[in-house]
Amino acid sequence: MMQRFKGLIKLKQARNGLLSYQRNFSALPYDAQYDDPQDQVLVEGRAKSRAAILNRPASRNALTIPMVARLKRLYESWEENHDIGFVLMKGSSKAFCSGSDVVSLCELLNEGKMEECKTYFQTLYKFVYLQATYLKPNVAILDGFTMGSGAGIAVPGMFRVATNKTVFAHPEAQIGFHPDAGASFYLSRLPGYLGEYLALTGDKLNGVEMIACGLASHYALHERLDLIEERLGKLITDEATVIETSLAQYGDLVYPDKTSILYMIETIDKCFSHDTVEEIVDALENEAANSYNEWCKNVIGKIKEASPLSLKVTLHSIREGRFQSLDQCLAREYRMSLAGMSKRVSNDFCEGVRARLVDKDFAPKWDPPSLEEVSKDMVDSYFSPLGELEPELELPTALREPYI
């Protein structure tokens, strides 16, 4: 595989006539004011690598339009610089990335700035695809909150280091949206019907569980991260196997404890394998009645808190994702995101954000208010082609083939 990496890098350098990129990088101070894109994504220069640091600690490093644009530019320039062997991404403070800054997105929508929202999703999804097709080894350190699109910008990459502080979740249905940024691709490929469970309930996984189900490639204690970064920073290499060895050297062998949701996989498969959300809820209710299982009651409660429309759209998305490539999932998710942003079917996205993140009354008024009132046409509209006047998401699939 590394021969393929090197061959592609040399081919690209020859095609573009690349020159050595001489600029020296250094991290900006952590107490910077976070309104400048360069402050929101800091850069550290290392011997043969670069590190991007997501730096909006007060917002748990939630992604903004300038942040994803800067990440994309940085990764493109680093890929073209043959003095750089590999790249790394991490978050500042107690989070890797809590997802998109959905409050800001709703503010843009309420101000009629739909084009800016489109730009955000276009840039975000293109960056996810860049990560998945990157020609150099890349590492993401998932320490702390790794949620929503914050997982999307890391999971498709080569190395994902989870820790004892990692909290992974896709809670989009609970705010009237859908798991995006490639989530329908990787959630649909989890063991059994775990992906459907995580997407419909918004339930969390820890770092050990991420390793167990393949979402992370390595595990290390939070206390060892300084050692890992010091080791990686000294490497003079572009070989994935060398980076793999370094990560494994400081890694820990771990197994999920007895309280892990992974031990419920048989029940999850039994209930979440059904074709519709209504059937899934019925199966959970039957299981709760027959087994007196409190876990089933809690799961039903989580599902009933979510937007009925989002639940149906999300289930359909995960099911389609099982049979689609990453680029196809991203193109479809872009249609779905624009449908949710447009409010032509429902205002559930902004209503969910209001109820959970702005007013925090946790009493959203979903439209439609029940699963029974969500029609097939409503769901289908999220998956329809955008039409002649609205360009589809274009990804460089002819030039960049995903390795996953």
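Tutor: The radius of gyration is taken here over C-alpha atoms, and the rule for a globule is 2.2 Å times the number of residues to the power 0.38. Please keep in mind that this is a predicted model.

Student: What radius of gyration does the protein chain have, and what would a compact globule of 404 residues have?

Tutor: For 404 residues the rule gives a radius near 22 Å, and the protein chain has 21 Å, which agrees with a compact globule. Along its principal axes, the C-alpha trace spans about 60 × 50 × 40 Å.

Student: How many helices and strands does the protein chain contain, and what share of its residues counts as buried?

Tutor: The protein chain holds 18 helices and ten strands, and 55% of its 404 residues count as buried. The accessible surface comes to about 17,500 Å², with 51% of that area belonging to carbon and sulfur atoms.

Student: What share of the contacts with a separation of 6 or more joins residues 24 or more positions apart?

Tutor: Such pairs account for 73% of the contacts in that set. Charge can also be read over the whole protein chain, where the mean positions of the 45 positive and 56 negative charges are 5 Å apart.

Student: Is Asp 327 buried or exposed, and which residues does it touch beyond its neighbours in sequence?

Tutor: Buried means under 20% relative accessible area, so Asp 327, at 19% relative accessibility, counts as buried. Asp 327 lies in helix 16 and, leaving aside residues up to four places away in sequence, touches Tyr 129, Leu 395 and Thr 397. By contrast, the C-alpha atoms of Asp 327 and Tyr 263, 64 residues apart along the chain, are separated by 32 Å.

Student: Where does Ser 325 lie, and what separates its C-alpha atom from that of Phe 185?

Tutor: Ser 325 is in the loop between helix 15 (308–321) and helix 16 (326–342), and with a relative accessible area of 28% it is partly exposed. Although Ser 325 and Phe 185 are 140 residues apart along the chain, their C-alpha atoms are separated by 7.2 Å.

Student: Which residues other than glycine have a positive phi?

Tutor: Among them is Ser 93, with a positive phi of about 60°; Ser 93 is found in the loop between strand 3 (86–91) and strand 4 (95–97). Exposed means over 50% relative accessible area, so Ser 93, at 53%, counts as exposed. Lys 343 is another such residue, with phi near 65°, and its place is in the loop between helix 16 and helix 17. Lys 343 has a relative accessible area of 32% and is therefore partly exposed.

Student: Is the peptide bond from Asp 367 to Pro 368 cis or trans, and where is Pro 368 found?

Tutor: The bond from Asp 367 to Pro 368 is cis, with omega near 0°. Pro 368 is found in the loop between helix 17 (348–358) and helix 18 (376–381).

Technical notes: Residues numbered from 1 in each chain as written. Predicted model: local features only at pLDDT ≥ 70, side-chain atom pairs only at ≥ 80, totals over all residues. Heavy atoms only, no water. Helix = DSSP H or I, 4+ residues; strand = E, 2+ residues; numbered from the N terminus. Buried < 20%, exposed > 50% of the residue type's maximum accessible area, 1.4 Å probe, protein only. Contact = heavy atoms within 4.5 Å. Areas by Shrake-Rupley, 256 points an atom, 1.4 Å probe, with all protein chains shown as cover. Lys, Arg positive; Asp, Glu negative; His and termini not counted. Charge placed at Lys NZ, Arg CZ, Asp CG, Glu CD.
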